[in-house]
Amino acid sequence: MSSPDPQVRAARNQSTSSVRPGARGPVVAVTGAASGVGALLTARLAASEVRQVVAIDERRGGCEAAEWQILDVRDPAIAEKLRGADVVVHLALDLDLETDAAARTAYNVRGTQTVLTAAAAAGVHRVVLCTSAMVYGALPDNELPLSEDAELRATAEATGVGDLLEIERLARRAPRAHPGLNVTVVRPAVLVGGMDTALTRYFESPRLLVVAGSRPAWQFCHVEDLCSALEYAVLEKADGELAVGCDGWLEQEEVEELSGIRRMELPSAVALGAAARLHRIGLTPSPAGDLAYTMYPWVVSGSRLHDAGWRPKHTNEEVLAELLEEVSGRHTVAGRRLGRKDATAAGAAGATVALLGAAAVVRRARKARRRI
């Protein structure tokens, strides 16, 4: 996960002591500690009651309070680096929209397998994994909200979700394969705060695409709230499967009113068919499966964290406002980033029509070639 500059600066502001004298908390290792959520969590833990933070990444990050270990999480040598740790938080995941799908899966799945095996070999007693509430699936018959125990009904059709489902399977198998190893899985809602995902790009479009007959429900999770939830898991204030997000949700009409962005409504067959064609011919990074998460609800209750005393500091309205500020000036159509010149030339709705038309032109050209 990429890290915005403010997050790295925040990490650099921590003290330079590797071990906190007198601290009686656990020793915590964080993978993916140089950027994104990993950098934020590393800085947060270094300023908390934990005794020591071991930061693991392929490059050194900005938190001087941590003990840095530089290596790829797929390297079996990580087991030696984890010796003495009580808890491992595994955040070294690649969910970049532009990454080759096969390479992304190889990194995410192999990395998680290696970390779980290495943690068990090193005598670590708890591993905390972070996936997404997307693993529940976005379906028209989903309850509002979903409990943590709800069936994981997602498919591998959306960006990175297949990897997350495999990580969930690894999490369930690990305690059986490695007795004494406990695994906690944290599942955030739409993550906001320096993130670039298909769902944050939805709000970079000149019009909010709404599929006719769908009824989306929007729930966000600020990265700071995710880090506080991960800290709860580290300190064993909550365990098991933990869903995290803002309280409640926003209906599509509320999102449009708060954002000031008007909708563009398309029939389901047109929207899904165009999304599939655009992705297949390489015009957009997002597969058609991403669209389901803007059509149907996948709101989570977060009841286990609430029962443990955790509360989000941000509301859905506040997080949406921050997201809109972050993406201001960006121009995205059907998940594809456009330069300012392209967006201006194409116009608002015209850009969408142009991309949809491009897919149709390619389809007709292919049919014509087959007839020759």
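Mentor: A polar contact is a pair of N or O atoms within 3.5 Å; within protein, one must be able to donate a hydrogen and the other to accept it, and residues adjacent in sequence count only if both atoms are side-chain atoms. This is a predicted model: local features need pLDDT of at least 70, side-chain atom pairs count only at pLDDT 80 or more, and totals for chains, interfaces and linings use all residues. Residues are numbered from 1 along each chain as its sequence is written, and side-chain values use heavy atoms, leaving out hydrogens and water.

Trainee: Which backbone nitrogen lies 3.0 Å from a polar side-chain atom of Ser132?
Mentor: That of Met134.

Trainee: And where is Ser132 placed?
Mentor: In the loop between strand E5 (126-130) and helix H5 (161-177). Helices (H or I, at least four residues) and strands (E, at least two) are DSSP runs, numbered from the N terminus.

Trainee: Is Ser132 buried or exposed?
Mentor: Buried, because its relative accessibility is 8%. Buried means under 20% relative accessible area, exposed over 50%, partly exposed in between (1.4 Å probe, protein chains only).

Trainee: What about rings? Which residues do ring pairs link into a cluster?
Mentor: Tyr202, Phe203, Trp218 and Phe220. Rings of Phe, Tyr and Trp (its six-membered ring) pair if their centres lie within 6.5 Å; planes under 30 degrees apart count as stacked, over 60 as edge-to-face and the rest as tilted.
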